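Please read them with the structure open beside you.

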Amino acid sequence: KHCSHGSGDGRFFPKTLKSFSDMSKVMKSIQMHLLKCRNCPDEVKVNISMSKSEHSKQMTQLKFGLAKAFFRKVWNCLHDNDRENNIAPL
């Protein structure tokens, strides 16, 4: 939203499910970009930093495999594959 008219549009969105479900790469690159971006409001940057801290705590409580399943469902919904794979929409 804040950088939609700059160079490199869309470079943060993964092209494959495998790269999309690798949170360490996807989330970190988006987070680092937003924290450095001149167009991103300071309020958003503060919220990102606070959310990152809370997210780390939450991830320790998440059962193994649930994050990957979540990303697969999101990916399929974004690519309209939910009918092909018999996956119920979120």
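1. Is Leu 62 buried, partly exposed or exposed? Leu 62 is partly exposed, because its relative accessible area is 35%, where buried means under 20%, exposed means over 50% and partly exposed lies in between, with a 1.4 Å probe and protein chains only as cover. Leu 62 sits in the loop between helix 3 (42-59) and helix 4 (66-78), helices being DSSP runs of H or I of at least four residues and strands runs of E of at least two, numbered from the N terminus.

2. Please keep in mind that this is a predicted model, in which local features need pLDDT of at least 70 and side-chain atom pairs count only at pLDDT 80 or more, whereas totals for chains, interfaces and linings use all residues. Residues are numbered from 1 along each chain as its sequence is written, and side-chain values use heavy atoms, with hydrogens and water left out.

3. On confidence, the mean pLDDT of the protein is 75, and 72% of its residues reach 70 or more, pLDDT being the predictor's confidence in each residue, from 0 to 100. Helix 1 (residues 17-20) has the lowest confidence, at a mean of 78, and helix 3 the highest, at 86.

4. As to the overall fold, the protein has four helices and zero strands, so that, by the DSSP runs given above, its elements read α-α-α-α from the N terminus on. Of its 90 residues, 20% count as buried. Of the contacts (heavy atoms within 4.5 Å) with a separation of 6 or more, 45% are between residues 24 or more positions apart.

5. The surface exposes about 7,400 Å², of which carbon and sulfur atoms supply 56%; accessible areas come from the Shrake-Rupley method with a 1.4 Å probe, and for residues only the protein chains shown count as cover. Leu 62 also belongs to a nonpolar surface patch with Met 59 and Leu 66, and together they have about 230 Å² of accessible area. Patches are made of residues with over 30% relative accessible area and no salt bridge, with like charges joined within 9 Å and nonpolar side chains (Val, Leu, Ile, Met, Phe, Trp, Tyr) within 5 Å; a salt bridge is a side-chain nitrogen of Lys or Arg within 4 Å of a carboxyl oxygen of Asp or Glu.

6. Gln 31, in helix 2 (residues 23-36), counts as buried because its relative accessibility is 15%. Apart from neighbours within four places in sequence, Gln 31 is in contact with Ile 48 and Lys 52. Gln 31 and Lys 52 are 21 residues apart in sequence, and their C-alpha atoms are 8.9 Å apart.

7. Lys 18, by contrast, is found in helix 1 and is exposed, with a relative accessible area of 72%. The C-alpha atoms of Lys 18 and Lys 68 are separated by 9.2 Å, although the two are 50 residues apart along the chain.
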